[in-house]
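Q: I would like to learn how to read a structure like this one. Please take me through some of its features in turn.

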Amino acid sequence: MKTHARVVVIGGGVVGCSVLYHLTRMGWSDIVLLERSELTSGSTWHAAGGFHTLNSDTNMAALQGYTIRLYRELEEITGMSCGLHHVGGVTIADNRDRMDMLIAERAKHRYMGLETEILSPEEIAQVAPVTNVEGILGGLYDPLDGHLDPSGTTHAYARAARMAGAGIETHCMVQQTNPRADGTWEVVTDKGTIVAEHVVNAAGLWAREVAAMAGLYLPLHPMEHQYLVTDDLPEIYEREAEHPHVMDPAGESYLRQEGRGMCIGFYEQTCRPWAVGGTPWSFGHELLPDDLDKITDSVAFAYRRFPVLEQAGVKSVIHGPFTFAPDGNPLVGPVPGMRGYWSACAVMAGFSQGGGVGKSLAEWMVEGEPETDVFAMDVARFGNWTGPDWTRLKVTENYQRRFSISYPNEELPVGRPLETTPAYGLWDAQRAVFGAAYGMEHVNYFAPQGEACFEVPSFRRSNAFAAVGAEACAVRLAVGINEIHNFGKYLVTGPRAVDWLNRIMANRVPEPGRMTLTAMLSPKGKIIGDFTMMRLDVDKVQLTASFSAQAFHMRWFLAHQEGGVTIKNRSKKLLGFQIAGPQARAVLSAATGSNCSNSVIPFLSVRQMAVRHIPVTVARVSYTGDLGYEVYCHREHQVALYRMLSEAGTEHGLRPFGMRAMMSLRLEKSFGSWMAEYRPDYTPAETGLDRFVSFGKSDFIGRDAAMAAREAPPARRLTSFLVDADDADVVAYEPIFDGADVVGFCTSGGYAHFSGKSVAIGFLPRERIADGAAFDIEILGQRRRAIVHQTPLFDADASRMRG
């Protein structure tokens with residue numbers, strides 16, 4: 001066995017072998033995979049082997065499409081068979097909400113180029129004749145769905161990697177992973193030690209144990225999963241063509257042909273986490289004992305949906321564990337704070353996602369960033385607030401919801417509240433309806449007296465519609481207050497702080513006492529952050545950005561940190577409130593006892609002040625697009641600060657508002673949002689963030705790409721639309737039509753309550769953007785007229801925001 005390698009991949013399942021193959025595809029060959037037993041040991045060998053493209057995240061869906069198309073290429077390269085069965089599949093709906101979800105997914109597929117289609121019950125009966133379509137409203141058919149041979153496919157990845165120079169060591173147990181002073185890793189095995197520049201944890205069921213060797217916790221947990229294979233059925237073997245897959249969300253099951261019979265698996269409610277105390281090293285090619293009792297209800301439902309099963313004998317029961325992350329997506333990428341350590345774990349749908357995981361990780365490692373935005377599976381989407389108990393609860397919830405309807409406004413209850421600010425009790429006493437992001441509770445809206453403190457999940461305007469409208473109008477007509485804890489906040493200090501930020505950020509650091517907006521770019525010019533920079537002192541700058549991107553941004557900061565620069569994440573220590581609306585200045589003046597006129601605190605300025613005896617930092621800016629201020633304080637002062645601001649605001653009509661109202665208000669100004677308008681798939685020139693790029697700076701990360709886009713304008717740009725909506729508004733990813741042609745897609749939308757308009761933001765070809773230009777946007781299967789409207793609906797000349 002070699003003693004040095006550029007990359008060591010730990011784990012010989014489908015994901016590890018895919019990573020190995022894709023690294024060779026990128027030109028790296030000094031790489032080795034270590035497997036404690038044989039290839040496919042763990043979850044891979046007993047997987048049902050199904051693959052599909054359906055995923056709520058469009059980039060994940062695209063990577064799943066890539067994975068499926070890759071299998072033919074693997075067969076051609078290696079001469080091996082992956083056992084492919086491209087039979088197509090249909091997901092059926094038995095109620096209106098489920099049908100709405102499938103229609104919304106079909107709409108996304110239109111601009112993604114996926115050839116899915118909506119089927120009627122009659123068409124489902126023709127395509128999948130074993131299905132009882134009584135009570136079915138329709139379904140979504142995907143011709144790419146199918147299944148394969150898990151072992152053959154994994155070995156095809158392995159052979160392709162070996163053919164390109166990679167090494168594979170089986171029966172090689174990793175015992176330690178130790179970081180070295182030079183940034184490399186010492187991988188200790190029972191066959192010797194390898195020193196590697198990069199270590200990839202693709203250990204599947206043992207990912208927790210392998211992570212612990214490096215002092216790391218990864219939020220994943222194995223779940224027991226069971227599927228049945230039937231005896232031969234004449235309804236199957238007498239068919240001329242193979243029966244397609246059928247996903248029945250109401251029955252929490254998936255069904256496909258297996259030889260001359262059928263295979264059906266269940267995501268039952270009475271599910272069980274496996275190996276709570278850790279995965280035994282001795283486990284591998286075993287199955288768990290049959291446990292048909294826990295799927296009794298699921299089987300009974302399946303008999304009604306697929307009556308042919310009731311007469312079928314059971315040939316075999318496959319009961320084994322698979323690993324899941326709390327949200328069901330993989331954990332992939334460089335682990336924050338651990339140079340050279342990579343995750344490729346929790347890939348529960350390995351034969352749908354394994355190729356995309358390997359491709360993205362290899363691009364990331366070799367080129368510094370993946371080709372497309374993969375935040376949905378980035379290991380950095382979870383922070384250090386996770387733990388084993390919380391993870392197990394959320395993984396169980398995710399398993400139970402595997403086939404559940406995913407509503408755009410739904411807030412899942414399990415494992416909450418986890419983290420709160422001191423103001424949580426204040427909001428709770430005022431009938432707040434909470435949401436959560438990155439482990440932290442935030443107010444979505446305040447329920448009126450007499451109404452439940454719960455927002456009903458829906459694809460249409462929910463029961464919160466009127467309450468959110470009242471909050472938004474209160475801001476525009478008087479003054480509102482909400483919490484600013486859900487910003488990521490970072491303090492950058494030191495003698496080289498400003499020089500460093502001028503290299504990291506695309507805009508120039510402002511003068512002391514001033515603030516500015518800026519994009520942060522990858523070397524390829526993609527947006528990896530939209531920040532506010534507040535110059536608190538000569539060598540002291542506060543950054544604010546999305547709260548949910550903390551680990552993502554800190555990973556980038558620390559990877560590029562230089563001497564003379566100190567970076568601290570103060571997101572949970574620096575709290576406070578935003579006050580916004582025409583009476584905001586009066587409230588701040590009353591609270592501080594100071595002159596807060598525009599000449600003293602002009603727009604985009606930052607001041608050190610006091611609200612009575614509490615020191616605060618006041619920033620003249622507001623995401624509402626109104627006259628407003630962000631008032632920052634230390635965590636321990638937050639409750640007192642609220643009481644003082646509330647007292648000062650009483651005579652001015654101060655009213656609390658939540659995130660639903662905030663997002664409505666920002667639409668009236670066409671302000672973009674992180675992971676909607678601003679994400680690593682897009683560039684400043686496409687999104688309008690180029691106005692916050694200082695092209696005169698000689699050197700900043702991404703400058704060459706940004707300059708090239710400036711000289712050769714992009715084919716598409718963001719613009720805003722007024723939509724002739726009914727009872728549902730744009731959420732994201734709806735296609736934009738010009739006649740029969742899909743010409744763009746939406747990034748976000750909603751109802752602008754104060755203006756009384758349904759608004760969408762989306763991409764169009766640059767030459768098609770003109771005020772008054774008419775298009776159609778598909779919302780829940782209905783084409784709604786959408787008119788380009790580039791002027792802000794509120795405060796068009798920004799006189800109130802800046803005045």
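Q: How many bridges join strand β32 to strand β37?
A: Two strands pair if DSSP finds at least two bridges between them. Strands (E, at least two residues) and helices (H or I, at least four) are DSSP runs, numbered from the N terminus. Here β32 (residues 716-723) and β37 (residues 782-788) run antiparallel and are joined by three bridges. L722 stands opposite I787 in β37. This is a predicted model, where local features need pLDDT of at least 70 and side-chain atom pairs count only at pLDDT 80 or more, while totals for chains, interfaces and linings use all residues. Residues are numbered from 1 along each chain as its sequence is written, and side-chain values use heavy atoms, with hydrogens and water left out.

Q: Which strand forms a hairpin with β37?
A: The hairpin is made by β36 and β37, with two residues between them. L780, in the turn, has a positive phi of about 50°. The strands β36 (residues 774-779) and β37 run antiparallel and share six bridges. D776 has R785 of β37 opposite to it.

Q: What do six strands close into, with β32 and β37 in the order?
A: They close into a barrel, in the order β32-β35-β34-β33-β36-β37, with antiparallel pairing. Neighbouring strands of this sheet are turned by 45° against each other on average, direction ignored. For such angles, axes are lines fitted to C-alpha atoms, for helices over the stretch in contact, and angles run from 0 to 180 degrees between N-to-C directions. Eight bridges link β32 to β35 (residues 757-765), again in the antiparallel sense. In that pair, R716 stands opposite P765 of β35.

Q: Which strands stand at the edges of the open sheet of six strands?
A: The open sheet has the order β28-β29-β30-β27-β21-β31, with mixed pairing. Its edges are β28 and β31 (654-656); each has a single partner strand, so one side of each is left without a neighbour in the sheet. Neighbouring strands of this sheet are turned by 30° against each other on average, direction ignored. Six bridges join β28 to β29 (residues 614-619), which run antiparallel, and V606 has A619 in β29 as its bridge partner. Helix α16 (residues 638-649) packs on the sheet, touching β21, β27, β28, β29, β30 and β31, and its direction makes about 15° with that of β27.

Q: Is S605 buried or exposed?
A: Buried means under 20% relative accessible area, exposed over 50%, and partly exposed in between (1.4 Å probe, protein chains only). S605 counts as buried because its relative accessibility is 0%. The residue is found in the loop between α15 (584-592) and β28 (606-611). Leaving aside neighbours within four places in sequence, S605 is in contact with G513, R514, M515, V618, A619 and R620.

Q: What is the relative accessible area of T193?
A: T193 has 31%, so T193 is partly exposed. The place of T193 is in strand β11 (residues 192-201). T193 and K2 are 191 residues apart along the chain, yet their C-alpha atoms are separated by 8.4 Å.

Q: How many cavities of 30 Å³ or more does a search of the whole structure find?
A: On a 1 Å grid over the protein atoms alone, a cavity is a set of points where a 1.4 Å probe fits but cannot get out, and lining residues have an atom within 4 Å of a point. Grid points are joined across faces, edges and corners, and a volume is the space filled by probe spheres set on the points. The search finds three such cavities. The largest has about 70 Å³ of space, and its lining includes W427, H442 and F657.

Methods:
Contact = heavy atoms within 4.5 Å. 1 Å grid on protein atoms, 1.4 Å probe; cavity = no way out; pocket = protein on both sides within 12 Å on 5 of 7 lines; lining within 4 Å.
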